[in-house]
Amino acid sequence: QVQVVESGGGSVQAGGSLRLSCASSGRTFNIYTMGWFRQAPGKEREFVGAIVRSGGSTYFGDSVEGRFTISGDNAKDMVYLQMNSLKLEDTAVYYCAAATKYGIWRLGASYDYWGQGTQVTVST
């Protein structure tokens with residue numbers, strides 16, 4: 001079992017920055033990739049980005065490419081989502097997820113463990 005907990009959400013003005021953290025615990029040696037997703041009210045869950053634990057390759061959704069970055073600290077079992085140039089449409093609940101096998105990182109079904117989510121609100 002793997003436990004995943006997000007933190008760092010909050011309110012920020014448009015154009016600002018925010019960093020989310022994701023802490024994993026338990027059988028973390030099984031983790032292959034960590035992903036970030038978000039869901040806004042009335043919308044479907046959207047892929048934000050992912051980082052492969054071994055090697056650190058990152059992948060991003062089209063709507064955040066160039067504005068968001070992901071980094072990881074395997075020794076601490078931490079993953080970070082740095083969000084810059086935030087827009088109103090970035091407002092959502094952000095979820096961190098862990099995948100224990102190779103998959104299509106844009107798909108939520110590729111992930112086995114999910115956090116409870118953290119709210120990010122971008123305002124004018």
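Is D90 buried or exposed, and what is its relative accessible area? D90 is buried, at 0% relative accessible area; buried means under 20%, exposed over 50% and partly exposed in between (1.4 Å probe, protein chains only).

The model is predicted: local features need pLDDT of at least 70, side-chain atom pairs count only at pLDDT 80 or more, and totals for chains, interfaces and linings use all residues. Residues are numbered from 1 along each chain as its sequence is written, and side-chain values use heavy atoms, with hydrogens and water left out.

**View 1. The salt bridge between R67 and D90.** The closest N and O atoms of R67 and D90 are 2.8 Å apart; a salt bridge is a side-chain nitrogen of Lys or Arg within 4 Å of a carboxyl oxygen of Asp or Glu. R67 sits in the loop between β6 and β7, and D90 in the loop between β8 and β9 (92-99), so the pair links distant parts of the chain, 23 residues apart. Strands (E, at least two residues) and helices (H or I, at least four) are DSSP runs, numbered from the N terminus. R67 is buried at 11% relative accessibility.

**View 2. The salt bridge between R38 and E46.** The N to O distance is 2.8 Å. R38 is buried, at 5% relative accessible area, whereas E46 is partly exposed at 28%. Salt bridges with shared partners join R38, E46, R67 and D90 into one network.

**View 3. The salt bridge between R53 and D77.** The side chains meet at 2.9 Å, N to O. R53 lies in the loop between β5 (46-52) and β6 (58-60), and D77 in the loop between β7 (68-73) and β8 (78-83), so the pair ties together parts 24 residues apart in sequence. R53 is partly exposed at 23%, and D77 is buried at 18%.
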